[in-house]
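Colleague: Hi! Could you walk me through this chain in simple words?

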Amino acid sequence: MKKDYIKKGKVIVMKAMRKLMGIATAGAVAAAMALPVTAAENVFNVFCSQNTGDDVWVSLDTDGVMTVSGTGSMDAYGFFDEKPDYPWLEDGVVNLVEHIVIEEGITYFDFVWSFPELKTIRLPDSDAVLDFWEFGYLSDAQDKVFMSPYTDLMGKDSTLGEMPKEELEQLLEGHDNPFGKYSCTFYGYKDTIWDDLSVYGMKFHAMGDMDSDSDVNISDAASILELYAKSAAGLEVNTEEGIDAADISRDGIIGIDDATVVLKYYANSIAGLSTDWEAILQK
């Protein structure tokens with residue numbers, strides 16, 4: 001799938017529910033499907049883009065959720081650049097950040113500093129680019145990183161998502177346990193570069209894989225429908241039922257469309273067809 005890195009993704013609504021689905025614990029997510037979401041207050045909300053035409057804001061709320069929203073590219077800074085006067089660089093504030101959500105429309109983001117209490121990161125569903133340097137900072141997440149099939153890593157000469165497996169092997173050749181510093185699990189999509197990286201020790205869980213058997217098939221679709229039925233009926237949901245992987249369509253709601261996406265992928269895979277997640281997800 002050819003990426004257009006200057007294309008601005010659309011900003012999608014239902015922000016509060018999307019955050020919760022990506023960052024909350026499994027039990028809290030199950031409760032959220034039946035209860036209204038109460039918005040937390042902002043600790044700060046600052047403008048973070050100097051590029052003409054870009055409109056990027058970073059906010060932190062009292063629940064510890066840092067959100068990058070708007071359109072375009074966030075300011076990029078390196079270790080040797082003069083640090084901007086952003087509130088999350090203060091010792092008393094950086095420790096408040098527990099979750100990071102990069103929303104739709106953000107084509108590039110940059111932090112280049114550590115968040116000692118960070119638990120989860122959710123990357124956008126629109127076309128977005130990370131460089132290898134920034135990918136290293138995803139290791140700050142202690143629990144989960146939610147990858148999109150449209151997120152790509154920018155290398156020196158090409159993007160990782162378009163890199164042949166032979167080049168990937170050369171890139172990682174000679175590196176002993178290249179993902180040893182990542183304690184988090186990467187939630188991504190089957191037959192993508194993130195799936196391939198699991199061979200090299202990256203902890204990977206496929207979106208849609210409800211039973212954690214590294215496959216996405218009819219039984220997973222049935223589990224999603226069962227989860228949906230239980231939540232619709234107001235019944236208690238077992239927190240071990242793979243809730244984090246259930247929202248495969250990434251719309252913030254676990255429902256029939258997620259089971260449909262699983263069945264579409266499964267049909268393609270047993271037919272020996274190449275996986276086109278843009279077509280399967282109808283993005």
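Predicted model: local features only at pLDDT ≥ 70, side-chain atom pairs only at ≥ 80, totals over all residues.

Colleague: Thanks! How many helices and strands does the chain have?

Modeller: There are 10 helices and 11 strands. Both are DSSP runs numbered from the N terminus: helices are H or I with at least four residues, strands are E with at least two.

Colleague: And what share of the residues is buried?

Modeller: Buried residues make up 51% of the 283 in the chain. Buried means under 20% relative accessible area, exposed means over 50%, and partly exposed is in between (1.4 Å probe, protein chains only).

Colleague: Let's look at helices. How do H7 and H9 pack?

Modeller: H7 covers residues 218–232 and H9 covers residues 256–270; their axes are 8 Å apart, at an angle of about 180°. The axes are lines fitted to C-alpha atoms, for helices over the stretch in contact, and angles run from 0 to 180 degrees between N-to-C directions. H7 and H9 are therefore roughly antiparallel. That label is for angles over 145 degrees, while under 35 is roughly parallel, 65 to 115 roughly perpendicular and the rest oblique.

Colleague: Which residues make the contact?

Modeller: From H7, they include Ile 218, Ala 221 and Tyr 228, and from H9 they include Ile 256, Val 262 and Tyr 266. Contact means heavy atoms within 4.5 Å. By class, the contact has 10 nonpolar, no polar and 2 charged residues. Here Ala, Val, Leu, Ile, Met, Phe, Trp, Tyr, Cys and Pro count as nonpolar, Asp, Glu, Lys and Arg as charged, and the others, Gly among them, as polar.

Colleague: Which residues of H7 are buried?

Modeller: Asp 220, Ala 221, Ile 224, Leu 227 and Ser 231. Seen down the axis of H7, they fall within an arc of 120°, so they line one face of the helix. The arc is that of the directions from the helix axis to the C-beta atoms. These buried residues pack against H8 and H9.

Colleague: What about H9, which residues are buried there?

Modeller: In H9 they are Asp 258, Ala 259, Val 261, Val 262 and Tyr 265. Their arc is 155°, so they too line one face of the helix. What covers them includes H7, H8 (243–246) and H10 (277–281).

Colleague: What comes just after each of these helices?

Modeller: Just after H7, Gly 234 takes a positive phi of about 75°. Just after H9, Gly 272 takes a positive phi of about 75°.

Colleague: Back to Asp 220: is it buried or exposed?

Modeller: Asp 220 is buried, with a relative accessible area of 0%. Leaving aside neighbours within four places in sequence, Asp 220 is in contact with residues including Asp 209, Met 210 and Val 262. Asp 220 and Asp 209 are 11 residues apart in sequence, and 6.0 Å apart in space, C-alpha to C-alpha.

Colleague: New topic: where does His 175 lie?

Modeller: His 175 lies in the loop between helix H5 (165–172) and strand S10 (185–188). At 51% relative accessibility, His 175 counts as exposed.

Notes: Residues numbered from 1 in each chain as written. Heavy atoms only, no water.
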